[in-house]
Amino acid sequence: MSLTEILRPDERIVLSLRALYESYGYRKYNMSEFEEYSLYMENKNFLVSESVIAFTDLDGRLMALKPDVTLSIVRHSGDSTEERVYYNENVYRPGKAKRGFREISQMGLERIGRIDGYAVSETVCLAAKSLYEVSHDSLIEISHMGFVGGLIRALGCSAALTCELYKLIGAKNTHGIAETARKAGLGEASISKLCAIPSLCGEPEKVLSSAEALCISDEMSDALCQLKNVVSSLAAISNICKVRLDLSLLGEEDYYNGIIFAGFVSGLPARVLSGGQYDMMLRKFGHSGGAIGFALYLSELELLFAPYKPVYDAIVIYDEDSDPAELGRYIDALSNGGTVYPCASCIECTVQGRKVIYFGKDGVKEDALC
Amino acid sequence: MLTVALPKGRLGDSVYSILEKAGYACPDMDEKSRKLVFENKEAGVRYLQVKPTDVPVYVERGAADVGIAGKDILVESGADVYELLDLGFGKCRMAVAAKKGFEDDTDRTLRVATKFVNIASKYYASRGRSIDIIPLHGSIELAPIMGLSDVIVDIVESGKTLVENDLEVIEEFMQISARFIANQASFKFKEDEIMRMLGEIREATK
């Protein structure tokens, strides 16, 4: 049986993405399962969840089973280095119902160093190609922290109000935005601008045109300009998913600046990809360069694939008194031409096959499916 | 086809009658039956009759594209969904209540009985008040009467139940009403359908 025939859909996706990332000059990054616990405690806001599995290592250090990959890559990269790496790693986080930790498989890439307009576009393009590889019925949504951030800064909102508005905007909670902004004493014109953000989503041209009308600062205009550049770069690329903009898509403002994006696959209930430019995280580590990357949550893709139920070319029911060497030779020869499932009795056999072969002292007998 | 998680009870009935008038009727739903899923292919709608506290779960996990849930249930669940509209009905308040004349001794840990463990914990954490949470599932008003707790955190509508049990509201801290919520991924692929339904509901609840 050939490799391509035996690969399961998730395995095929991983190998295809490896080929994709390596064709763009990314190298595989291998990491340890453990990191120092302090890394995550000092960067709690970047994590999906504050809960981390910790243990005391043999040398007395408090370690953690990594809940995130990006932090490790940034921490171990030097300042002024150019890194283009991809990874396929497991992380450990609480499940949605928070009843226990889960091992979550994710694949992604990080680009650290000089992040210019092309680097941003290329990263978003690779995210869009990754989604297309998973499913042709997928989409990427792109936003820019500078648009909403720029508006909130131009309106002079306090840190507490900013934090509250980010949550409400992210939830498209227009009535909540209006109520909170009104309570904070913002004028109706400002409230109207904030309330318009949740509806700035959909076809890029339509969104960019509506968003321009809301610009009240250079920061907001620059954000739209960068978005336009990314959108027009993507328009020139083949084999990518559908592209949408959603200016209410926001990331953690302590870490993300610039472009952020999320990926969705039709039929799956939550985002399967997250990414963005995170120069601010590098500053926290004392680095001067920029960084951009994304993670594809392979564990979230399980629901896409039908349960694995192989159908074997042959089920071989053998007599327990059969000569093991002779049986082994027979099975080996059969397996060179297809898949075979040796079994001591019909009762034990719980798999499906295309034919049944009885192997016993009296020889070999082929039969129809049992 | 949009799948709508409707809470069983008064709230679900009110929202269904709005949707029915807006062209999202499902004739089967008028019949008294034990069915939980109702579909009208022509109208492009499927309804799930769901326990009110489960609506955010169905929507967050994509079993329903949209749903109707009280703000109390939404906040308590912490579900990561889009909250697209305040329907403006089912109004009540989240409040702290206690026996008449109760005085809080801040030297002691406050015993708080509630169905809303997350809401109560967050509220008192914001006040820096040390509490002992006593999770209950019903007749919460009984807790301070029987000395099980000092106070309760519960929803208050008319306040009649509190008065009849010699309790009073100490503080109201959250306005509650019914909300129209949507699964974030569904919103990306079915935005037009969802916004159309939202528009009909918004028009009807003005």
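Which residues form a nonpolar patch on the surface, with about 300 Å² of accessible area together? Keep this in mind as you look through the views of this predicted model.

**View 1. A nonpolar patch on the surface of chain B.** The patch is formed by Leu142(B), Ile145(B) and Met146(B). Taken together, these residues have about 300 Å² of accessible area.

**View 2. A closer look at Met146(B).** Find the loop between helix H5 (142-145) and strand E9 (151-156) of chain B, and you will find Met146(B) there. Is Met146(B) buried or exposed? Its relative accessible area is 61%, and exposed means over 50%, so Met146(B) counts as exposed.

**View 3. Chain B as a whole.** Chain B is built with eight helices and eleven strands. Its C-alpha atoms fill a box of roughly 60 × 35 × 30 Å along the principal axes. Chain B has 206 residues, and 46% of them count as buried.

**View 4. The second largest pocket.** This pocket has a volume of about 350 Å³, and 15 residues line it. Nearest its centre lie Arg8(A), Asp10(A), Glu11(A), Glu302(A) and Phe305(A).

**View 5. The lining of the second largest pocket.** Which helix gives the largest share of this lining? That is helix H2 (residues 9-23) of chain A, with five residues. Sorted by class, the lining of the second largest pocket holds nine nonpolar, two polar and four charged residues.

Terms used
Residues numbered from 1 in each chain as written. Chains lettered and ligands numbered in written order. Predicted model: local features only at pLDDT ≥ 70, side-chain atom pairs only at ≥ 80, totals over all residues. Heavy atoms only, no water. 1 Å grid on protein atoms, 1.4 Å probe; cavity = no way out; pocket = protein on both sides within 12 Å on 5 of 7 lines; lining within 4 Å. Points joined across faces, edges and corners; volume = space filled by probe spheres on them. Helix = DSSP H or I, 4+ residues; strand = E, 2+ residues; numbered from the N terminus. Nonpolar A, V, L, I, M, F, W, Y, C, P; charged D, E, K, R; others polar. Patch = residues over 30% accessible without salt bridge, like charges linked within 9 Å, V, L, I, M, F, W, Y side chains within 5 Å. Areas by Shrake-Rupley, 256 points an atom, 1.4 Å probe, with all protein chains shown as cover. Salt bridge = Lys/Arg side-chain N within 4 Å of Asp/Glu carboxyl O. Buried < 20%, exposed > 50% of the residue type's maximum accessible area, 1.4 Å probe, protein only.
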